[in-house]
Amino acid sequence: MRAIQYTGFGGGAASLKYVENPVPLLGKNEVLVKVEAASINPADWKIQKGMLRPFLPKFPCIPVTDVAGEVAEVGSSVREFKVGDKVLCRLNFGKGGGLAEYVVASESKIAARPAGVSAADAAGLPISGLTALQALMSIGTKFDGTCRGADILVTAASGGVGTYAGLGADEVLGYKTPEGLALTSPSGRKYDYVINTTDASRWSALRPSLSGRGRVVDVTPNPGNYVASVLTRKKISMLAQVSLGKEHMRFLLELVAEGKLRTVVDRRHPFEKAAEAWERSMAGHATGKIIVEM
């Protein structure tokens, strides 16, 4: 099978190399998936830059964890899926493997893709969609129509996590405008919650925007905000790792199928131009998800 890998830390898109690898073997509880689309997340290239050094990754590394495709083979103990099923997979964070024609995933990391949900729309969901969902759940958001009103600011709302969390916003702040730079509402309201999705935002800049009982949920915490989370007695809390799983992926897929949620796709890149997708993500100016299609 064709795959893309890198063999050392750093190098960016230039270090991505096309290789021919054997199709991976699957265990009894695993599923072999023919990849149709994969989405690149900032964590993918941050790992390449050494974010988890010296622990991860293992070289050579085939990056990317979020893929959608079609079941090609199932292990002897797999009961939920069969050959031909359309699915969404969240691969192991430290192992990756998504930039390849085939991936192997545990049955517990796979969700069926409803009819009408494209591979590209599904592939954007695992990391970005689950992070947005977990952030909203952490501030008490319910999805049954019983949630009380609250004023919520989502920073970097044009990014992958931000688009899922902020779609349908009542107000939009351009980050280069005076209001955007100051994180102030055009209507003068203070925010009950800030969901911070950029590591460029500091607690000192976020604090003036909060109401008396307001607090910040930081999904891309920087060292300064870690310190602030201790000093401010939970006025700012960290959400550095997604703990949601398969059932929540199913929930997001159902929302997409029902037209209640959508994946904003920045650009679609063919597999042959995956390096351009990698560069686009590293540049930090994408609006929504960056997709690589097989």
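User: How many cavities of 30 Å³ or more does a search of the whole structure find?
Analyst: In this predicted model, the search of the whole structure finds one cavity that reaches 30 Å³ or more.

User: What volume does the largest cavity have?
Analyst: The volume of the largest cavity is about 70 Å³.

User: Which residues line the largest cavity?
Analyst: The lining is made up of Y6, D44, I47, P57, C61, P63, V64, T65, F93, G94, K95 and G96.

User: And how does that lining divide by class?
Analyst: Seven of the lining residues of the largest cavity are nonpolar, three are polar and two are charged.

User: Turning to pockets, how much space lies in the second largest pocket?
Analyst: The second largest pocket holds about 460 Å³ of space.

User: Which residues lie nearest the centre of the second largest pocket?
Analyst: P24, K95, G96, G97 and V104 lie nearest its centre, out of 21 residues that line this pocket.

User: A change of topic: how many aromatic pairs does a search of the whole structure find?
Analyst: The search finds four aromatic pairs. One of them joins F9 and F59 in an edge-to-face arrangement, at 5.0 Å centre to centre and with 85° between the planes.

User: Where do F9 and F59 lie?
Analyst: F9 is in the loop between β1 (2-5) and β2 (17-20), and F59 is in the loop between α1 (42-49) and β4 (66-74), so this pair ties together parts that are 50 residues apart in sequence. F9 is partly exposed, at 26% relative accessible area, and F59 is also partly exposed, at 34% relative accessibility.

User: Why is the pair of F143 and F251 edge-to-face?
Analyst: The planes of F143 and F251 stand at 65°, with the ring centres 5.6 Å apart, so the pair is edge-to-face; the cut-off for that label is over 60 degrees.

User: Which parts does the pair of F143 and F251 tie together?
Analyst: F143 sits in the loop between α3 (125-138) and β8 (152-154), while F251 belongs to helix α8 (residues 246-257), so the pair ties together parts that are 108 residues apart in sequence. F143 counts as partly exposed at 44% relative accessibility, as does F251 at 26%.

User: Which residues do ring pairs link into a cluster?
Analyst: Y6, F9 and F59 are linked into a cluster by ring pairs.

Terms used
Residues are numbered from 1 along each chain as its sequence is written. This is a predicted model: local features need pLDDT of at least 70, side-chain atom pairs count only at pLDDT 80 or more; totals for chains, interfaces and linings use all residues. Side-chain values use heavy atoms; hydrogens and water are left out. On a 1 Å grid over the protein atoms alone, a cavity is a set of points where a 1.4 Å probe fits but cannot get out, and a pocket is an open set with protein on both sides within 12 Å along at least five of seven lines; lining residues have an atom within 4 Å of a point. Grid points are joined across faces, edges and corners, and a volume is the space filled by probe spheres set on the points. Ala, Val, Leu, Ile, Met, Phe, Trp, Tyr, Cys and Pro count as nonpolar, Asp, Glu, Lys and Arg as charged, and the others, Gly among them, as polar. Rings of Phe, Tyr and Trp (its six-membered ring) pair if their centres lie within 6.5 Å; planes under 30 degrees apart count as stacked, over 60 as edge-to-face and the rest as tilted. Helices (H or I, at least four residues) and strands (E, at least two) are DSSP runs, numbered from the N terminus. Buried means under 20% relative accessible area, exposed over 50%, partly exposed in between (1.4 Å probe, protein chains only).
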